[in-house]
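Here is a note to read beside the structure. Please keep the model open and find each residue as it is named.

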Amino acid sequence: MKTQDKKIQWYVLAFMSFSTVWGFGNVLNGFIYFNGTQVMLSWILMFALYFIPYALMVGELGSAFKNSGSGVNSWIYETTGPKIAYYAGWTYWACHITYIASKGSGGLKALSWAIFRDHETYDTIPTVYVQLATLAVFLICCYIASRGLNPLKKLTTIAGTSMFVMSLLYIVMMFAAPAINPGADFISLDFSLDNLIPNFNMGYFTSLSILVFAVGGCEKISPYVNKVKDPSKGFPKGIIFMAVMVAGCAILGTIAMGMMFDPAVINESQETFDSYAANGAYWAFQRLGEYYHVGDLFLVLYALCNMIGQFAILILSIDAPLRMLLDNEKTKEFIPSKLLKKNKYGAFSNGIWLVVILSGAIILIQTVMPGAASVLQQLTRLNSVCMPLRYLWVFVAYIALRRAIKRIPAEYRFVKSQKIAYFFGGWCFVVTAACCIMGMYSKDPMTMALNIITPIVLTALGLILPKIAKREREKGMVQDV
């Protein structure tokens, strides 16, 4: 009876997973990139056809490998073997290279808004100076990570929780604003079919990776699957309820933004589009403060939380994915011994230097961009192409798990039918890969080149390292680490 009492109720799981999956930036990006309220249908389709099966497959993997602490790496190792597990770990780490390059810019942007409370100050600084400042912040964070310290980990949690709460408050307060301040300037929404059905053009399909990026990453909830009361019924119930909550926030958040921003103004030119993509979240909280006659209070709170979160996540993203890749005994044979070298603080010093070279190169390449706002827009697109690539391994692991269904038991199964299981695993894999490939396209040659070259370079490097490690062993050159 006591054991049963310790089990997590399905609705508790729903709220736990909701906070790990969703964020205010997802609402903004959906609204900006999909022509305002037209994104609502896309959100519904994305949740129903992609997110729910994805989350339920993660649940089955978590149930089957309840004692595996490394997540996707462990799932791949148990179902396919060590070399494929190395590639999964490499992909997870390599995806963070582009993510790391964006965090410094995001943090400096938030700091500028917190101090100056406008976008002109940051956006009018020559791009070369902004990127050099971003590089300096990045190098400082690499130094902190090299000391084996993560001093901002608790601040990350606090900032992330605060931003999550503010995201929900934004929706509630925005819907209440017309009643509290009826004289304010609100946009009247048109819910006719023309304004709800998306334009299925090239821009639509090449932006879908942004929605995939927004709803991905639910493998973080896998450790809780066997802790749910009656997993076979409780887990899917919790996931579906969470998906309904997330979809509700996406739609209500979109409507709230539609009351503030006119998509026609956003899409007037590439310059205005870039500006809204970079500053839209700050403008949203600034206008909310105006509606409630509290000045820039909400703006400053949001900017400070975002700044702390961006810089702290930067440090953690330098350290944590690197440890997952290099500190895994099961896949070390595929990594050159020089990369496994640790300093006296226990940090992988040469691994951090590799991060410096790769992420630093992306930061410096963007010095040629026409403005700071265009840099942030370009990084959003690059992350939407690279980050979802790690989700592909979840679906590979799931298909491999179902092939080994007699060998590997699980308390919870997504579906009983093998054919349906294979279908959903393959469907989600194809959708993810297709969205990433389509997302590489851009009207801007520089952005498109970066979107294509970056994954190719990172993949090539991941293929080369096992060959270097093999040559080391053959020549007896393995260094003692």
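**Notes on the model**

1. A search of the whole structure turns up 6 salt bridges. A salt bridge here is a side-chain nitrogen of Lys or Arg within 4 Å of a carboxyl oxygen of Asp or Glu. Side chains of opposite charge can pair when their charged atoms come close.

2. Before going on, note what kind of model this is. It is predicted, so local features need pLDDT of at least 70 and side-chain atom pairs count only at pLDDT 80 or more, while totals for chains, interfaces and linings use all residues. Residues are numbered from 1 along each chain as its sequence is written, and side-chain values use heavy atoms, with hydrogens and water left out.

3. Which residue forms a salt bridge with Glu 60? The partner is Arg 402, and the closest N and O atoms are 3.1 Å apart. Glu 60 lies in helix α4 (residues 39-64) and Arg 402 in helix α19 (residues 392-403), so the pair ties together parts that are 342 residues apart in sequence. Helices are DSSP runs of H or I with at least four residues, numbered from the N terminus. Glu 60 counts as buried because its relative accessibility is 0%, and Arg 402 is likewise buried, with a relative accessible area of 0%. Buried means under 20% relative accessible area, exposed means over 50%, and partly exposed is in between (1.4 Å probe, protein chains only). A network of salt bridges links Glu 60, Arg 402 and Arg 413.

4. Asp 123 and Lys 109 also meet through their side chains in a salt bridge, at 2.6 Å from N to O. Asp 123 is in helix α7 and Lys 109 in helix α6 (residues 82-116); the pair links distant parts of the chain, 14 residues apart. Both Asp 123 and Lys 109 are buried.

5. The salt bridge between Asp 319 and Arg 323 has its closest N and O atoms 3.0 Å apart. Asp 319 and Arg 323 are 4 residues apart in helix α16 (residues 297-326), so about one helical turn separates them. Are these two residues buried or partly exposed? Asp 319 is buried, with a relative accessible area of 9%, whereas Arg 323 is partly exposed, at 25%.

6. Next come the rings. The whole structure holds 36 aromatic pairs. One of them is Phe 18 with Phe 164, an edge-to-face pair with 5.3 Å centre to centre and 70° between the planes. Phe 18 in helix α2 (residues 10-21) and Phe 164 in helix α9 (residues 153-180) are 146 residues apart, so this pair links distant parts of the chain. Phe 18 is buried, with a relative accessible area of 4%. Rings of Phe, Tyr and Trp (its six-membered ring) pair if their centres lie within 6.5 Å; planes under 30 degrees apart count as stacked, over 60 as edge-to-face and the rest as tilted.

7. The rings of Phe 186 and Tyr 291 have centres 4.7 Å apart and planes at 45°, so this pair is tilted. Phe 186 is in the loop between α9 and α10 (193-196) and Tyr 291 is in helix α15, 105 residues apart. Tyr 291 is buried, with a relative accessible area of 6%. Ring pairs also join Phe 24, Trp 113, Tyr 170, Tyr 282, Phe 285 and Tyr 302 into a cluster.

8. The second largest pocket has a volume of about 1000 Å³. Of its 37 lining residues, the closest to the centre are Gln 270, Phe 273, Asp 274, Gln 377 and Arg 381. Elements giving two or more residues to this lining are α3, α7 (120-123), α11 (202-205), α15 (270-291) and α18 (372-386). On a 1 Å grid over the protein atoms alone, a pocket is an open set of points where a 1.4 Å probe fits, with protein on both sides within 12 Å along at least five of seven lines; lining residues have an atom within 4 Å of a point. The volume is the space filled by probe spheres set on the points, which are joined across faces, edges and corners.

9. Asn 29 sits in helix α3 (residues 24-33). Asn 29 counts as buried, at 18% relative accessibility. Leaving out residues up to four places away in sequence, Asn 29 touches Phe 34, Ile 210 and Thr 380; contact means heavy atoms within 4.5 Å.
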